[in-house]
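Look at the model first, then read on.

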Amino acid sequence: MADCKNIMVYVETAEGNPVKVGLEMISPAKELAAAKGGKVIAVVIGSGVKDAAQKVAEAGADQVVCVDAPQFADFNLDTYAGALVELVKEEAPAAVLVGGTQDGKDIAPVLAAKCDAGCASDVMAIKVDDAGNAVFTCPLYGGTVLQDVTIDTCPQVATLRSGAFQKVEDPAAGEVVEKEIQIPEDQIRTKVVESVKEIAETINLEEAEVIVSGGRGMGSKENFALVEELSNLLGGVVGATRPAIEDGWVSKIHQVGQSGKIVAPKLYIACGISGATQHVSGIMNSDYIVAINKDEDAPIFEVANVGIVGDVMKVLPVMIEEIKKIKEAQ
Ligand SMILES: Cc1cc2nc3c(=O)[nH]c(=O)nc-3n(C[C@H](O)[C@H](O)[C@H](O)COP(=O)(O)OP(=O)(O)OC[C@H]3O[C@@H](n4cnc5c(N)ncnc54)[C@H](O)[C@@H]3O)c2cc1C
């Protein structure tokens, strides 16, 4: 048995591919493993996920344990957490990092409980202390307060926020190891009887490179069309604050923030958004924030890289016109 120096990363897959946060987690895992003189062991679980496992190896994990069997075709907390518990017992990692996805938020606490481990949630940053141990930075009270958490168990379990970490640059490919695991039927308490795919509008805010968001300051559904026009011009995705959604200007899937999506685009343009904590906590990992607001004291300007004090109904048409001119000239 290893001695608590390797870092395990559970990489979820969706439609045959590793999810973004899964690959992002390899970076902090590498730092932690280096501090302990260990390696990064990624785990991919599913049915027909060998290609995904190879992609994870190419993203910089030293080793990828691929658990590929029909039993894991659908996500089931009992089978997935059961497989991870088995691997944790075998590998004795110092930490297990899990993406803060819907499934990840289910798995991590169960895994922690079954392994008698401490669990840090929604981790936004990881430092390594002088003794080589992880210090997890987690938000409290909707991101108003950040706290540093250390966990005195082996393993430590943590869910990591999507977009908080960057993928490994120029990764060296690791190896894929196939592993057979079978969870006994009597340990599976829930069964998927039927899956129905929701027919609904889908957008990918979490992976968007450009997001143009509108808030209550847009004033009406008709005015909100300017946000959509700018977003289309920039090849981006439309985001919104909760009031804009509550007023019916745009659907709920566009919500950015504490109870919406946590985003990390290269460019985030906030139009008529005050900068409430519940919104800002969802955009803090953006590379560059541009804010347009008529109130020069609006809190959004405290987090913006560029602030434009003005009426969105005057500023947005000018921006749109100028961008069109640049595009036409190209
Ligand atoms: C538990 C909880 C969870 C929440 N989750 C979320 C969440 O996930 N996402 C979220 O967004 N909110 C969330 N909220 C709501 C949040 O607290 C704020 O109410 C919301 O973010 C404010 O949205 P806003 O900026 O659009 O509106 P306001 O705060 O009303 O701000 C509107 C801004 O527009 C500016 N403005 C007005 N007219 C113009 C104009 N013509 N030109 C330029 N600027 C103009 C104003 O100066 C103002 O700053 C949550 C609240 C709670 C309690």
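## The ligand site

A polar side-chain atom of serine 274 sits 2.7 Å from an oxygen atom of the ligand. Polar contacts here are pairs of N or O atoms within 3.5 Å; within protein, one must be able to donate a hydrogen and the other to accept it, and residues adjacent in sequence count only if both atoms are side-chain atoms. Glutamine 278 has a side-chain N or O atom 2.8 Å from a ligand oxygen. Arginine 242 uses a backbone N or O atom, 3.1 Å from an oxygen of the ligand.

## About the model

This is a predicted model: local features need pLDDT of at least 70, side-chain atom pairs count only at pLDDT 80 or more, and totals for chains, interfaces and linings use all residues. Residues are numbered from 1 along each chain as its sequence is written, and side-chain values use heavy atoms, leaving out hydrogens and water.

## Helix α10

Helix α10 covers residues 312–329. Helices are DSSP runs of H or I, at least four residues, numbered from the N terminus. Which residues of α10 are buried? They are Val312, Val315, Leu316, Met319, Ile320 and Ile323. These residues lie on the same side of α10, because they cover an arc of only 130° around the axis. That arc is taken from the directions from the helix axis to the C-beta atoms. Buried means under 20% relative accessible area, and exposed over 50% (1.4 Å probe, protein chains only).

The face turned away from the buried side carries the exposed residues Lys314, Glu328 and Ala329. At the start of α10, a side-chain oxygen of aspartate 311 comes to within 2.8 Å of the backbone nitrogen of methionine 313.

Methods:
Helices (H or I, at least four residues) and strands (E, at least two) are DSSP runs, numbered from the N terminus. The expected span of a helix is 1.5 Å times one less than its number of residues.
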